[in-house]
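Here is a short report on one structure.

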Amino acid sequence: MSTNYLENANTNNQHVLKFVRETAELCQPDQIHWCDGSEAEKQALTEDAVAKGVLLKLNQEKLPGCYYHRSSVNDVARVEQLTFICTETAEEAGPTNNWAAPKEMYAKLKGLLAGAMKGRTLYVIPYLMGPLGSSLTKVGIEITDSIYVALSMRVMTRMGKVAYDQLGSGDDFNRGIHSMLDINPDRRYIAHFPLDNTIISVGSNYGGNVLLGKKCLALRMGSYLARKQGWLAEHMLILGVESPTGEKTYVAAAFPSACGKTNFAMLVPPAQFKGWKIWTLGDDIAWMKPGSDGRLYAINPENGYFGVVPGTNYKSNPNAMETIKRDTIYTNVALTPDLDVWWEGKDGEPPKECLDWKGQKWTPDSKEKAAHPNSRFAAPMRNNPVLAPEANDPKGVPISAIIFGGRRGTTMPLIFQSFNWGHGVFTGATMGSETTAAAAHAVGEVRRDPMAMLPFCGYSMGQYFQHWLRMRKFIAVPPSIFHVNWFRKDEKGNFLWPGFGENMRVLKWIIDRVRGRVGAVESPLGWVPSVDSFELAGLKDFGPAEFAQAQAINVEEWKREALSQEELFFKLYADMPKELSYQRELLISRLV
Ligand code: OXD
Ligand code: MN
C-alpha cells in the first residue's frame, strides 16, 4: 500500500493519528481499516471473516446473527506465565506478577512486531470501557491484525465513533497493539506498560489475551490507575436485587474465573421467591468509586459477555441461553452437521455425531470432550432479558454488599459476613479456589486468589490490599462484605448446596442483613445466619441438618486453612499491611 497510512483515517485526533502511523510503520500492514462501529461495517467485516475462513456462518434459522470460530489448539486460554507488568522496578509489579524492564520488553516486542502485519489488514479499534459520559469511563485504541478481534471488540465494548466523541482532541487513551504473529507460544507475550498506559499483546488470538479492553485494560491497567486515582477496578459481577415492593439493592461479587460469575449475575429466583427479580449490571468487571453521598458507586465497563460455554443450560443459566441465541460469536464449541453448536452440559441429548472444537469427528463414545472446557461465547449485553437499564447509566449504582467466593470442596461454609471493612479485606485477601480451565495450568489445585485478582492486579498485591484498606476513609457508607462457597462437598464427594437459582436464598439473607432486617450469630469467621433466618422452604432434600452441614466450621480444617494462608503472607511480606496480619492473629485467636 502507499505509505500514507492515514489516508482513510476517520478521526482528526493528532495523538491517535501519530499512534496509528508509528505502529503501521513498524508493522507494515497491507492496508488499514479504521473501525467506525456501524452496522454496515459489521456486515462487511463479518462477510470478509467468513470468506477468509476465520468465522463460519452458523444455522441462521436457529441462531440468527451467530458465527463460529475455532482457535489454534495451542491458544485456548489466558497465559499467566507469559503475562508481564512492565513497571520501572520489579517491586512495583510485586511478587505475584511477572515483571520485565520496560525498555527490554519494548525492544523485544518491537523486534517481533517489525513487519509482522505484511500481507495483513491493520484494524484501528476505538472503544470505550464504560458508558458514554461516565467519570469512570476510559477510552482505548486497539490496533490489531485480527478480524476476529475487531468483530469481538464490537461485541464486548462500546466501539466506534462514540470513543472519538468521548476522547475529543486529548491524548488520554490506552494504546493497545495486538498482532497474532504466527500464533506460536514461543513468541507469545501479553505486556502491560502502566507508565505509558500501553498494552502490547503478541502471538495469541485468545480473547482474554487479545480483547485488550477486558483483562488488560479494565483490570491490570485499571487497577494501577485506580490506586493512583482513588477508585477500585475489580474482577466482580454487579447485580441488582429487586424485592416484591420494588426496592432495589445492588451487589458486587468476586469469584475466580470459571466459578459461575455469569450464572450468578443472571440468576433466576426459585418459585417461592415470587416478586423477587435479579437484574444484571455486569458479569465480570466492576469499576467502583466513592460518590458524593459517601456510598460506593459501580459501573460495568463492558458491553458484552465473554462467558464459558460448557455447563450453560436452561437450568444453570436460562438468561444466558436466551442471550446467546442471537448475534453471538462462539469459539471452540462443537459443531453439528446442521451448523448448530453443542457443548457438554447443553440441554437435550448429545448429537449422534459432530465436529469437536479441533474440527475432528466426534461421537458420544469419543473419549475427548467435544467442546473445549474453556470454549466461550461473546454476546452483546443488550440480548440479556434481565439486563438492568442502569447498566448504561454513567452514574453507576450504589453498592450495598460485596461478596467474595471461591470453589472450595471443604472448609468454607456456604455463607458468612465479615465483621467490618478491614475484616472483609482480610477475607477477600485470603480467598482461595480450586483452579479451573480458564487459564493454562493444572485443574483442581487450591490456590490463593486474593479477591479473584491474582492474575489481574497490575501492581504489587500487598499494596493493592493497602489501597483497599485506605479506601475505607473515602467511603462513609461502606458496603458490607460477605463470603460464599457454593461448592462444598460431603464425604462422598456430592455437592452439599444445590446452587444456581437457589443461591437466591443466600442473596436474600445478604439483602436482609444490609437492610438491617435480620439478626445474625457470631462465629469465629464472622456473622452467620441462624437456621430460622435462612429461607429453606421449598428446597428439596435440604433441611436444617443439611444447612448445618453446609455451614459447619471445622476447627481442624480452619487451623490448616490459617496455616496455609501463611504462604501468601510470606510471599507478600514486603508490602503486606500489618492490619491483615492482625486480622489473621484475631482469626487464629477465635479458633483456639
Ligand atoms: C474471564 C476470566 O475470561 O476470568 O473472564 O478468565
Ligand atoms: Mn473473568
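## A cavity in the model

On a 1 Å grid over the protein atoms alone, a cavity is a set of points where a 1.4 Å probe fits but cannot get out; lining residues have an atom within 4 Å of a point. Grid points are joined across faces, edges and corners, and a volume is the space filled by probe spheres set on the points.

This is a predicted model, where local features need pLDDT of at least 70, side-chain atom pairs count only at pLDDT 80 or more, and totals for chains, interfaces and linings use all residues. Residues are numbered from 1 along each chain as its sequence is written, ligands are numbered from 1 in the order in which they are written, and side-chain values use heavy atoms, without hydrogens and water.

Three cavities reach 30 Å³ or more.

Residues lining the second largest cavity include Met-412, Phe-416, His-483, Trp-558 and Glu-561. Helix 11 (421-429) and helix 15 (555-571) each give at least two lining residues. Helices here are DSSP runs (H or I, at least four residues), and strands are runs of E (at least two), numbered from the N terminus.

## The manganese site

Lys-215 (NZ), His-235 (NE2) and Asp-284 (OD) coordinate the manganese ion (ligand 2) at 2.1 to 2.2 Å. Donors are N, O and S atoms within 2.8 Å of the metal (3.2 Å for Na, K and Ca); water is not among the atoms, so sites may look incomplete. Along the chain, the donor spacing is K-x19-H-x48-D.

His-235 lies in the loop between strand 12 (232-234) and strand 13 (236-242), and Asp-284 in the loop between strand 15 (277-282) and strand 16 (286-290), so the pair ties together parts 49 residues apart in sequence.

How values were computed: 1 Å grid on protein atoms, 1.4 Å probe; cavity = no way out; pocket = protein on both sides within 12 Å on 5 of 7 lines; lining within 4 Å.
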